[in-house]
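Trainee: I am new to this structure and would like to be guided through it. May we begin with its overall contacts?

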Amino acid sequence: MPMSRPASTPPPRESLAAPAAPAAQVQALLRDLTAYLRSLQEDGLVTVESSGVRRAAPAAPAPKPVRPVAPPPAPAPGPVAAGDTEAALRQVAAEAAACTRCGLHRTRTRPVPGQGAPHPDILFVGEAPGEDEDREGLAFVGAAGQLLTKMIEAMGYRREEVFIANVLKCRPPGNRTPAPDEMTACLPFLRRQIAALRPKAIVALGSVATHALVPSDATISRMRGHWYPFEGLALMPTFHPAYLLRNPSAKREAWADLQAVLQKLGRTPPSRPAAAG
Ligand code: SF4
C-alpha cells in the first residue's frame, strides 16, 4: 500500500529561479564586464561615477590646426619728424633736469643736456660738463669748447649746424673722471638723444665718451681714426679738445680723424689749415 502524503505537507515545489551559476562563471562575467567598461572609459564614451555609469558628453571637435602666421614686419625706422625730434630732445632735457639717478644731482649747478641742430650731420659727444658748462647749462662753452668750435668750423660747419652733448648731464665735482655707476645711470639719456637725432656720424671726443659707446680695452690712441658701429650709425673716436689743449702735437691726428668724417659724409673741408691748430 502506497504511503499517503500528510495533508499538511505542501507538495515539493519546483524552483522558479534559474539554476545558480557556478562561482567561476560569475567571476569570468564580472571580469569581462569590467574590461568592457574600462574600454568605454578609455574611449571617452562613458564616465564611471560612484552613482553609476554615465554616457560621456560628446567630445568637443578637435581644433583645426592653426597655420602659424608670421608677424607683420616692423616698420623700417624712417626719418623722425623735426617736431618729434625736438619734442624728444626737450623731454630728455626736462628729465635730466629733474633726475636724481646718481649723486651728481646734489652738486650740479645746472644740468647740461646738450644743444644744437635737431637733424645734424654730426653729433659730437664729450665726457661731462666742466665748470663753465655747469654754470651756463650748455655743453662745451669753456676753453675746450672754444677749440671744439674751431674744429667744427674747420670742417665747414657752424656750431649751430651740429649737435654737441656729453655722456654725463651733470658735472662731476672738481671735473673728476665720471664713476662707472654715474655713466651707467646717465647713458640712457644720450642713447635717447642719439635715437632722436639720428646723425650721419658720431664723433666721440676722448677716451671716456668713446668707451661709453664702444666697449673696448683699447686706448683712445689706438681707437681713433677707425670707424665703429653704434646702433646702426658710424662712430669715429678722436681726442678730446681738452687733451689737444694740453698736447697740441696731437691736433694733426685729430684733424685727420675729422677729415675722415668729412669724407664719410661726402664733403671736402675748406681749403685752409685746420682750425684745430
Ligand atoms: S649725471 Fe645723469 S644720471 Fe646723474 S643726476 Fe645728472 S642727469 Fe641724472
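Trainee: What share of the contacts in the protein with a separation of 6 or more comes from residues 24 or more positions apart?

Mentor: This is a predicted model, in which local features need pLDDT of at least 70, side-chain atom pairs count only at pLDDT 80 or more, and totals for chains, interfaces and linings use all residues. Residues are numbered from 1 along each chain as its sequence is written. Two residues are in contact if their C-beta atoms, placed from the backbone, lie within 7 Å. Among contacts with a separation of 6 or more, the share from residues 24 or more positions apart is 69%.

Trainee: How many helices and strands does the protein have?

Mentor: Helices (H or I, at least four residues) and strands (E, at least two) are DSSP runs, numbered from the N terminus. By that count, the protein has nine helices and eight strands.

Trainee: Within what arc do the buried residues of α9 fall?

Mentor: In α9, the buried residues are K251, A254, W255, L258 and V261. The arc is that of the directions from the helix axis to the C-beta atoms. Seen down the axis of α9, the buried residues line one face of the helix, because they fall within an arc of 110°.

Trainee: Which exposed residues does the other face of α9 carry, turned away from its buried side?

Mentor: The buried residues of α9 pack against β4 (122–126), α4 (143–154), β6 (201–205), β8 (233–238) and α8 (241–246). The face turned away from the buried side carries the exposed residues R252 and Q263.

Trainee: Is F140 buried or exposed?

Mentor: F140 is in the loop between α3 (131–136) and α4. Its phi is positive, about 55°, although F140 is not a glycine. With 28 other C-beta atoms within 10 Å, F140 is buried.

Trainee: Is E231 buried or exposed?

Mentor: E231 lies in the loop between β7 (228–230) and β8. With 11 C-beta neighbours inside 10 Å, E231 counts as exposed.

Technical notes. A residue is buried if 20 or more other C-beta atoms lie within 10 Å of its own, exposed if 12 or fewer, and partly exposed in between; C-beta atoms are placed from the backbone.
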